[in-house]
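Thanks for coming, everyone. Please look along as I go.

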Amino acid sequence: MNTRPRASLRRVLEDIGSTVLDVAASPGDLDAEVTGVHIHDPMDEPPLQEGALVLAVGVDSAERIRALLDAAGPVAGIVVKQPVEIDEPLRARVRETGVAVLGLTRAASWAQVAALLRSLLAELRDPLPDESPDGLFSLANAVCALLDAPVTIEDRSSRVLAYSERQEEADPGRVATVLGRQVPERYRRMLQEGGVFRRLYQSREPIYIELHDEGINRAAVAVRSGDEILGSIWAAVREPLSEQRRRALADAAKIVALQLLRQRAGADTSRRLRADLLATVLAGGRDAAEAAGRLGVASERLCVLAAQLTEEAYDDAARLESDRQRFCDALALHVGAIHPKAAAALVGSVAYAVLPLQAGGQEEARAVRVAESFLTRVGPRHAANIGVGRLAADLAEVARSRADADRALRVLRAGGASGQAAGYTSVHFEALLLQFSDLVRAEKQAPTGPYERLLAYDAEHGSELVATLRAYLDAFGDVNAAAARVHVHANTFRYRLKRLTEIGGLDLSDPDARLSVMLQMRIFGR
């Protein structure tokens, strides 16, 4: 049996990520094998290779996509730039031809996407680690021999990390799992609803699962490192395991755990190196040029993006850390598709990206659009915000762009935003106010003047003079609008306004006095 993963269209889409490429119109399944990448040129159209993924440069309407579908033949899919115009005749043509139409993020470079796809296809065609004596595939084959049953090794998300020989002996569900390198959603839902995953992860011994009419039964064991679940081993068996085979499966889980930890350590080391190098670039010191060279990033005309998950939605620290890394990986893929010399890495809880931009003006606004496009694509899975710094002419200015991005991100967080991107220049004043707030807290300063007197009066008498003043200032002195905002009659509001001017000693006709009290309200936040 061929133990290499098939380069199906579904597998390509999973590996390249929906932040770069997603399905605009599907013929149904996405199991067509991708054999290569072809850049479409309407002026010179050689015969298209069967299974090719066609990059339809300049094809921007439903009519032109239909014409290309008619001419393309049995290709795997057609890629067009977002937004994709899809009408009912085009959907019908997609179903007739069996060729999917895919949407490419607007900001991506065709050349970079072509290189990315070719690299991915080459990786999928290379022999996998089962040919290595120490690989997970060899372990899967060894467990298969011990149990006399076909085996898969899966991660916590039911993605297949390795599988043994003899999969043809299993049921259709296992075959679909191996071909797609992922347990199909229908089977995952069935196992979840049946409490199988709960049993599996609570037990330190192998469990037996009866699938009844859904296929051959399974024996499974969790792969652990201490209390951390790394994944699981699944064997397709027709009857419960003997005690000897149960022990063999439990012992195999310990060996698989060591292998997964080694692989993770290698990946973590690589990520840490990238994070350290990018942090050096962001610092903009004397080592920035060397770090940029090692990362392969550009050294001129850069914008820094600071992206962070909305962490309030998480109550599980482990899941938050895992999602942070997935989010950063998606950001790296997104900016890498736009420019080959972009880079991204997780530094602390923030995913930073360095994005080179061509000359043409409005660089910060263009970077914000890139950030918004990314957030739109990851939004269903990851709620996040992105701050964008001003353009850095060279590496010496990258530290300033990073500080800008951090401040813009902080403004979004302080405002309770989620799923938004902001450039520093658009939130400059709000960022300055937050810096002033930091300063007054650090120096333990307190409100003064009329604002101090009004706060003290409200605290002593339970009145709402500060709220009245805030409503008046927010309404630009429109008493009727301000009264409606605090839900009182206009005459009552005028009385309160008169009282607060007397008690606070505040001259509302003086613009400097109004500015002073407005700033204190914003800085002290009371």
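**Two helix contacts**

Start with this pair. Arg407, Arg410, Val411 and Ala414 in α13 meet Glu430, Ala431, Leu434, Gln435, Asp438 and Arg441 in α14. Contact here means heavy atoms within 4.5 Å. Helices (H or I, at least four residues) and strands (E, at least two) are DSSP runs, numbered from the N terminus. The contact of α13 with α14 divides into four nonpolar, one polar and five charged residues. On those classes: Ala, Val, Leu, Ile, Met, Phe, Trp, Tyr, Cys and Pro count as nonpolar, Asp, Glu, Lys and Arg as charged, and the others, Gly among them, as polar.

Before going on, the ground rules. This is a predicted model, where local features need pLDDT of at least 70, side-chain atom pairs count only at pLDDT 80 or more, and totals for chains, interfaces and linings use all residues. Residues are numbered from 1 along each chain as its sequence is written, and side-chain values use heavy atoms, with hydrogens and water left out.

Back to the geometry. The axes of α13 (residues 398-414) and α14 (residues 428-442) come within 9 Å and cross at roughly 85 degrees. Axes are lines fitted to C-alpha atoms, for helices over the stretch in contact, and angles run from 0 to 180 degrees between N-to-C directions. So α13 and α14 are roughly perpendicular to each other. The cut-offs: under 35 degrees is roughly parallel, over 145 roughly antiparallel, 65 to 115 roughly perpendicular, and the rest oblique.

Now the second pair. Helix α2 (residues 62-72) and helix α3 (residues 88-97) have axes that come within 10 Å and cross at roughly 15 degrees. That is why α2 and α3 count as roughly parallel. From α2, the contact uses Ala62, Ile65, Arg66, Leu69 and Asp70; from α3, Pro89, Leu90, Arg93, Val94 and Thr97. Six of the residues in the contact of α2 with α3 are nonpolar, one is polar and three are charged.

**Loops and backbone**

What joins Gln82 and Pro83? A cis peptide bond, with omega at about -5 degrees. Pro83 sits in the loop between β4 (77-81) and α3. For context, most residues other than glycine have a negative phi, and most peptide bonds are trans.

Two residues have positive phi. One is Gln362, near 55 degrees. Gln362 lies in the loop between β13 (350-356) and α12 (363-378). Gln362 counts as exposed because its relative accessibility is 62%. The terms: buried is under 20% relative accessible area, exposed over 50%, partly exposed in between, with a 1.4 Å probe and protein chains only. The other is Phe476, also near 55 degrees. Phe476 is in the loop between α16 and α17. At 81% relative accessibility, Phe476 is exposed as well.

**A covered helix**

Is α16 enclosed or open? Seven of the ten residues of α16 (residues 465-474) are buried, so α16 is largely enclosed by the rest of the structure. The buried ones are Leu465, Val466, Thr468, Leu469, Ala471, Tyr472 and Leu473. Their cover includes α15 (449-461), α17 (479-485), α18 (490-504) and α19 (511-524).

**Two buried residues**

Take Gln182. The loop between α6 (172-180) and α7 (185-193) holds Gln182. Its relative accessible area is 16%, so Gln182 is buried. The Gln182 side chain reaches the backbone oxygen of Ser157 at 2.9 Å. A polar atom of that side chain is also 3.2 Å from the backbone oxygen of Ser158. Beyond its neighbours within four places in sequence, Gln182 touches residues including Arg159, Val160 and Arg188.

Then Ala343, in strand β12 (residues 343-347). Ala343 is buried because its relative accessible area is 4%. Leaving aside neighbours within four places in sequence, the contacts of Ala343 are Arg274, Val297, Val335, Tyr352, Ala353 and Val354.

**Whole chain**

Zoom out to finish. The protein chain has 19 helices and 16 strands. Its C-alpha atoms fill a box of roughly 90 × 65 × 55 Å along the principal axes. Of its 526 residues, 47% count as buried. Finally, take contacts between residues at least 6 apart in sequence: 59% of them join residues at least 24 apart.

Technical notes:
Polar contact = N/O pair within 3.5 Å; in protein donor to acceptor, adjacent residues only side chain to side chain.
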